[in-house]
Amino acid sequence: MTTVRVVLPGHLRTLAKVSGEVTVDVEDPATLAAVLDAVETSYPMLRGTIRAHGGGQRRDFVRFFACNVDLTHEPSDAPLPDAVVNGAEPLLVVGAMAGG
Amino acid sequence: MSGVRVLVGTRKGAFVLTADGKRKDWTVVGPHFPGWEMYHLKGSPADPDRIYASQSTGWHGQVIQRSDDGGKSWNPVGNEFAYDGVPGTHQWYDGTPHPWEFARVWHLEPSHTDPDVVLAGVEDAALFRSSDGGQSWQELSGLRGHGSGPHWQPGAGGMCLHTILVDPRDAERMYVASSAAGAFRTTDGGKTWQPINKGLKSEGIPDPEAEVGHCVHRIAMHPDRPEVLFMQKHWDVMRSDDGGDSWHEISGNLPTDFGFPIDVHAHEPETVYVVPITSDMHHFPPDGKLRVYRSRTGGNEWEPLTNGLPQQDCYVNVLRDAMAVDSLDECGVYFGTTGGQVYASPDAGDTWAPIVRDLPAVLSVEVQTLP
C-alpha cells in the first residue's frame with residue numbers, strides 16, 4: 001500500500017470542502033488511475049469533475065503533473081514516478097490555463 | 001411579515017437576495033460557488049427551504065448543488081446525466097450528424113408537490129428527472145427519441161432545453177422548449193411528446209412553418225390557466241389558448257419583438273411582461289433604453305415600463321431565465337441583466353429600483369415568496 005499526496009485545483013478543493021493537499025492510499029504499484037479512483041472514493045462529489053463517470057475519459061481542461069513532468073498523456077495504468085510513490089512529491093491535478 | 005428570496009445565477013457565482021414584503025431594503029448574500037457558472041437556481045414550491053442549483057465550469061463540468069435550509073448551506077448531489085441507450089445524433093451547425101453530448105444543465109424545475117422530485121433541462125437538448133432529491137438522474141428519453149430528434153440543430157448558445165413548465169393541475173402534462181427544436185408537449189408524464197409549433201413562423205429556417213426547428217426562447221403560463229401559453233420566440237411574441245395546439249402572434253405595438261424572457265403576473269393571467277431587444281444582431285435594448293413592456297390585455301397592446309430603469313446609454317441584455325414574479329398581494333417583478341444589475345418592481349412594473357448593480361453577468365433570476 002502506498003500513500004500518495006494529491007494537490008487538487010482550487011475549484012475542486014472548494015467542492016470537496018478540503019484545504020491544502022489530500023492523501024489517498026492505493027495498492028502497489030501506484031498508478032494515476034488508481035489514485036484517481038481513490039480520490040473519487042474519498043470525495044465522491046468529485047466524480048465527473050476530473051474525468052467522466054466510471055473512470056472514463058479525462059476532461060479536456062484537466063492536466064496531471066508531477067516532478068515537473070506532464071503525465072497527462074501517459075498511460076493511466078503506468079506506475080507513478082518514484083518521488084510521488086515515496087511521498088517526496090505530490091501529484092498535481094491542474095485546471096489548464098484557459099479563458100484569458 | 002411575509003417576504004421574498006430572490007435566487008440569482010451569474011457567470012461567476014450565485015447570490016441570494018432577501019427582503020420583507022415591502023421589497024425596499026435588501027440583504028445580499030454571496031457569491032456562493034464563486035467562479036462557477038450558475039445557470040439556474042430554483043426553490044421547491046412544496047418546501048421553500050429546498051433549493052436546487054446548477055453549477056458548471058469548462059474545467060470540471062457539471063455539479064448539482066442542493067440546499068435544505070433556504071440557501072444558507074449547500075451540498076453537492078448527483079451529477080451523472082447519462083443519455084438513455086445509444087444517444088444517436090442530431091444535426092451540427094454545418095448540417096452533419098453530431099452525437100448527442102451532455103454539456104450542462106440549463107434549467108431545474110422542482111415538482112409542485114414533492115421536494116425530492118426535480119426535472120432538469122440540459123444541453124444537448126434532453127430532459128432528465130430525479131426522484132431522490134437530485135442524487136440520481138434518469139432521462140425522459142421519449143422527448144429526444146421523438147422522430148424529429150435527428151433533425152434538431154443547435155442555436156448560437158448551444159442546443160439547450162431551457163424551458164420546463166409543469167401543469168399545476170396535472171403533473172403528467174408538461175411543456176418544454178429547446179433552441180432550436182421548438183416547443184413540445186407531453187400528457188403522459190414524459191413518455192411521449194408531440195411538437196406544438198403550429199402557427200410559428202421563423203424566417204431563419206428553410207421552411208418557415210416547419211413542424212420543428214424554431215428557436216423558441218421562452219414559454220410562460222399562469223398557474224390558474226395552464227392551457228394559455230405565452231412565448232417569446234427568437235423573433236415574435238406568441239400566444240396559445242389551446243395548450244400549444246396553435247399559436248398566434250401578439251407582438252402588437254412592441255418596438256421590436258425580439259427578446260428572451262417572458263412572464264405572467266401572479267394574479268392577473270392576462271398581464272404579460274417582455275423585455276424587447278433590438279435584434280438578433282444587436283443583443284441590447286433599442287435606443288439604449290432599458291424598458292420592460294407590459295400588456296394587460298394578454299398581448300398586442302403593450303406599454304413601456306421605464307420608471308427607475310436606465311433610459312440612456314444602456315446596452316445590456318436580459319437572458320431567457322432572468323425574469324421572475326413573486327406572488328405577494330401586489331405582484332413583484334424581477335429581472336437581471338448581463339451587466340450585473342438585478343432590478344425589482346414591488347408594484348407590478350410601475351416602478352423599478354436596482355437591488356444590486358455590479359454582479360457578474362446575470363444568467364437567471366427566480367423568486368420565492370416566503371410566508
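Q: How many bridges join strand 1 of chain B to strand 2 of chain B?
A: There are 8 bridges between strand 1 (residues 3–10) and strand 2 (residues 13–20) of chain B, and the two run antiparallel. Strands are DSSP runs (E, at least two residues), as are helices (H or I, at least four residues), and both are numbered from the N terminus. Two strands pair if DSSP finds at least two bridges between them. This is a predicted model, in which local features need pLDDT of at least 70, side-chain atom pairs count only at pLDDT 80 or more, and totals for chains, interfaces and linings use all residues. Residues are numbered from 1 along each chain as its sequence is written, and chains are lettered from A and ligands numbered from 1 in the order in which they are written.

Q: Which residue stands opposite B:R5?
A: B:R5 faces B:T18 in strand 2 of chain B. A hairpin of 2 residues links strand 1 to strand 2 in chain B.

Q: And what about strand 2 and strand 3 of chain B?
A: They pair in the antiparallel sense over 4 bridges, with strand 3 covering residues 27–32. B:V16 has B:V29 in strand 3 as its bridge partner. This hairpin has 6 residues between its strands, and B:R23 in the turn has a positive phi of about 60°.

Q: Changing topic, in what order do the strands of the open sheet in chain B come?
A: The order is 26-27-28-29, with antiparallel pairing. Strand 26 (323–325) and strand 29 (353–356) of chain B each have a single partner strand, so one side of each is left without a neighbour in the sheet.

Q: How many bridges are there between strand 27 and strand 28 of chain B?
A: Strand 27 (residues 333–336) and strand 28 (residues 342–345) of chain B are joined by 4 bridges. One pair in chain B is B:V333 opposite B:S345.

Q: Now the two chains: how many residues does each give to the contact?
A: Chain A gives 12 residues and chain B gives 12 residues. Two residues are in contact if their C-beta atoms, placed from the backbone, lie within 7 Å. On the side of chain A that touches chain B, helix 1 (residues 10–16) of chain A gives the most, with 3 residues.

Q: Last one: where is A:P81 found?
A: A:P81 is in the loop between strand 4 (69–70) and helix 3 (82–85) of chain A. Not counting residues up to four places away in sequence, A:P81 touches A:A66 and A:C67.

Q: Why does A:P81 count as partly exposed?
A: A:P81 counts as partly exposed because it has 18 C-beta neighbours inside 10 Å. A residue is buried with 20 or more other C-beta atoms within 10 Å of its own, exposed with 12 or fewer, and partly exposed in between, with C-beta atoms placed from the backbone.
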